[in-house]
Amino acid sequence: MINSKKQSNTENTITYHYPFIDLEKKKVEAKVTIDQQMYLSVAVDLSNGIIQIEKNEEDFQLALTDDQKIIEQIKTMAEFMIFNQIDSYSKTFLS
């Protein structure tokens with residue numbers, strides 16, 4: 001179960017969107033939404049070893065999940081997509 005400002009018995013839907021994948025430059029951008037609301041944006045540049053993060057803190061005053069875990073999953077998925085030459089992907093799960 002995910003904690004938010006109000007305790008809720010419903011599960012939140014977390015969706016990973018990958019709107020930008022550049023196989024040649026080894027760059028991947030991911031957007032993470034929670035219940036269709038933007039939560040986190042992560043840009044992974046594998047060729048330079050850089051990860052840039054933007055978080056929507058205004059709408060999510062309490063961390064709804066472990067950000068480091070999400071960022072690590074995005075980095076792992078970026079490596080997988082670049083290695084396997086996958087240029088589009090989307091993932092949804094309940095947490």
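User: Where is Asp 35 found?

Analyst: Asp 35 is found in the loop between strand 2 and strand 3. Strands here are DSSP runs of E with at least two residues, helices are runs of H or I with at least four, and both are numbered from the N terminus. A word on the ground rules: this is a predicted model, in which local features need pLDDT of at least 70, side-chain atom pairs count only at pLDDT 80 or more, and totals for chains, interfaces and linings use all residues. Residues are numbered from 1 along each chain as its sequence is written, and side-chain values use heavy atoms, with hydrogens and water left out.

User: Why is Asp 35 called partly exposed?

Analyst: Buried means under 20% relative accessible area, exposed means over 50%, and partly exposed is in between (1.4 Å probe, protein chains only). Asp 35 has a relative accessible area of 43%, so it is partly exposed.

User: What is the phi of Asp 35?

Analyst: Phi of Asp 35 is near 50°, a positive value in a residue other than glycine. The hairpin of strand 2 and strand 3, to which this residue belongs, has two residues between the strands.

User: How do you know that strand 2 and strand 3 pair, and how do they run?

Analyst: Two strands pair if DSSP finds at least two bridges between them. Eight bridges join strand 2 to strand 3, and they run antiparallel. Lys 27 stands opposite Asp 45 in strand 3.

User: What makes strand 1 and strand 2 a pair?

Analyst: Seven bridges join strand 1 to strand 2, also an antiparallel arrangement. Thr 15 stands opposite Thr 33 in strand 2. The two strands form a hairpin with four residues between them, and Lys 26 in the turn has a positive phi of about 60°.

User: In what order do the elements run?

Analyst: From the N terminus on, the order is β-β-β-β-α-β, which gives one helix and five strands.

User: Why is Gln 85 called exposed?

Analyst: Gln 85 has a relative accessible area of 51%, so by the cut-off above it is exposed. Gln 85 is placed in the loop between helix 1 and strand 5 (90–94), and its phi is near 55°, a positive value in a residue other than glycine.

User: What makes Asp 67 buried?

Analyst: Its relative accessible area is 17%, so Asp 67 counts as buried. This residue is in helix 1.

User: Which residues does Asp 67 touch, not counting residues up to four places away in sequence?

Analyst: Asp 67 touches Tyr 39 and Lys 55 on that count, where contact means heavy atoms within 4.5 Å.

User: What makes the pair of Asp 67 and Lys 55 a polar contact?

Analyst: A polar contact is a pair of N or O atoms within 3.5 Å; within protein, one must be able to donate a hydrogen and the other to accept it, and residues adjacent in sequence count only if both atoms are side-chain atoms. The side chains of Asp 67 and Lys 55 make such a contact at 2.8 Å.

User: Why is Val 32 called buried?

Analyst: Val 32 has 0% relative accessibility, so it counts as buried. Val 32 lies in strand 2, and beyond its neighbours within four places in sequence its contacts include Tyr 16, Leu 40, Ile 70 and Ile 74.

User: What is the largest nonpolar core made of?

Analyst: A nonpolar core is a set of buried Ala, Val, Leu, Ile, Met, Phe, Trp, Tyr and Cys residues joined through side-chain atoms within 4.5 Å. The largest has 19 residues, and among those with the most contacts inside it are Tyr 18, Val 28 and Val 32. Strand 1 (13–22), strand 2 (27–34), strand 3 (37–45) and helix 1 (67–83) each give two or more residues to this core. Helix 1 gives the most, with seven residues.

User: How confident is the predictor overall, and which element has the lowest mean pLDDT?

Analyst: pLDDT is the predictor's confidence in each residue, from 0 to 100. The protein has a mean of 81, and 76% of its residues reach 70 or more. Among the elements, strand 5 has the lowest mean (53) and strand 4 (residues 50–55) the highest (95). Over residues 1–8, pLDDT stays under 50. Where pLDDT is low, the predicted coordinates should not be read in detail.
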